[in-house]
Amino acid sequence: MPTTTRMTQTQITEAVCHTYTQAGVQLVLIDEIHRLNPRTTAGAQTADLIKDLTERLPATFVYAGINVTDTPLFTGTRGAQLAGRATLIDCGPLPARHGQHQPFRNVITDIENNLDLQHHKPGTLPRHTPYLHRRTAGRIGSLTRLIRQAAITAITAITDGTERITKASLDAIRLDHLAEQHNRPTRTR
């Protein structure tokens, strides 16, 4: 997209809209939308830009964020304008099962297939699906952090031929606070 250093916000918006329309963009995904605060100057400018783009582009806009209803995102005048253009879809943790499907296991399999560990036996991680779901509370971010850290730990064992992920190696890794709180055993009295 051709730009110059002296372009105004309006000119940049025009160029973006023209480029997106010419390219046939049908989906615009904006991640980390919970960080947008329309009460700040930069946040207000960004909210105005998003509003302008949604009005001018023949595309579906998907905003992804965490606890967006607990942020200033949909409050005030600008927030109300965004809220009036959005449908909130609450996406909780990924379920272990959904009918006959096992979406969490499928994610684990996909992650495992992308591991580059010489001595890791394929199929090991999917066998631990119930444990991994319980341990991460079904949260993909917690799962990927857990497997990434286990892979890093396994790589350090490359010299002794134990470059693999096991349940014991997964147990040894501390996760984010939310996952650890969820996985903590409850006391019975």
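This section describes helix packing, the nonpolar core and selected residues in a predicted model.

Residues are numbered from 1 along each chain as its sequence is written, and side-chain values use heavy atoms, with hydrogens and water left out. Because the model is predicted, local features need pLDDT of at least 70 and side-chain atom pairs count only at pLDDT 80 or more, while totals for chains, interfaces and linings use all residues.

Helices are DSSP runs of H or I with at least four residues; strands are runs of E with at least two, and both are numbered from the N terminus. Contact means heavy atoms within 4.5 Å. Buried means under 20% relative accessible area, exposed means over 50%, and partly exposed lies in between (1.4 Å probe, protein chains only).

The largest nonpolar core has 18 residues. Such a core is a set of buried Ala, Val, Leu, Ile, Met, Phe, Trp, Tyr and Cys residues joined through side-chain atoms within 4.5 Å. Leu132, Leu143, Ile165 and Leu170 have the most contacts inside it. At least two core residues come from each of α4 (103–113), α6 (129–136) and α7 (140–155). Helix α7 gives the largest share, six residues. In soluble globular proteins, nonpolar side chains tend to be buried together.

Two residues illustrate the packing in this region. Leu170 is in contact with Leu125, Tyr131, Leu132, Arg135, Leu146, Ala150 and Ile165, leaving aside neighbours within four places in sequence. Leu125 lies in helix α5 (residues 124–127). Its relative accessible area is 0%, so Leu125 is buried. Not counting residues up to four places away in sequence, Leu125 touches Ile108, Glu112, Leu115, His120, Leu132, Ile147, Ile165 and Leu170. Leu125 and Ile111 are 14 residues apart along the chain, and their C-alpha atoms are separated by 9.1 Å.

Helix α4 has Pro103, Phe104, Ile108, Ile111 and Glu112 buried. The buried residues of α4 pack against α5, α6 and α7.

Helix pairs were then examined. Two packed helices are described by the angle between their axes and the distance between the axes. Axes are lines fitted to C-alpha atoms, for helices over the stretch in contact, and angles run from 0 to 180 degrees between N-to-C directions. Angles under 35 degrees count as roughly parallel, over 145 as roughly antiparallel, 65 to 115 as roughly perpendicular and the rest as oblique. For residue classes, Ala, Val, Leu, Ile, Met, Phe, Trp, Tyr, Cys and Pro count as nonpolar, Asp, Glu, Lys and Arg as charged, and the others, Gly among them, as polar.

The axes of α4 and α6 cross at roughly 100 degrees and come within 10 Å. Helix α4 is therefore roughly perpendicular to α6. Phe104, Arg105 and Ile108 in α4 meet Thr129, Leu132, His133 and Thr136 in α6. This contact of α4 with α6 divides into three nonpolar, three polar and one charged residue.

Helix α1 (residues 9–23) and α2 cross at roughly 40 degrees, and their axes come within 11 Å. The two are therefore oblique to each other. The crossing of α1 past α2 is right-handed. A crossing is right-handed if the near helix is turned clockwise from the far one by less than a right angle, and left-handed if anticlockwise. From α1, Gln9, Thr13, Glu14, Val16 and Cys17 meet Leu49, Leu53 and Arg56 in α2. The contact of α1 with α2 has four nonpolar, two polar and two charged residues.

Helix α2 (residues 41–56) also packs with α3 (residues 76–83), at an angle of about 30 degrees and with the axes 10 Å apart. Helices α2 and α3 are therefore roughly parallel to each other. Here α2 passes α3 in a left-handed crossing. Ala44, Ala47, Asp48, Ile50 and Lys51 of α2 make the contact with Arg78, Gln81 and Leu82 of α3. By class, four of these residues are nonpolar, one is polar and three are charged.

Gly76 lies in helix α3. Gly76 counts as exposed, at 53% relative accessibility.

Two loop residues have a positive phi without being glycine. Asn67, with phi of about 45 degrees, is found in the loop between β2 (60–63) and α3. Asn67 is exposed, with a relative accessible area of 52%. Ala137 has a phi of about 60 degrees and is found in the loop between α6 and α7. Ala137 counts as buried, at 8% relative accessibility.
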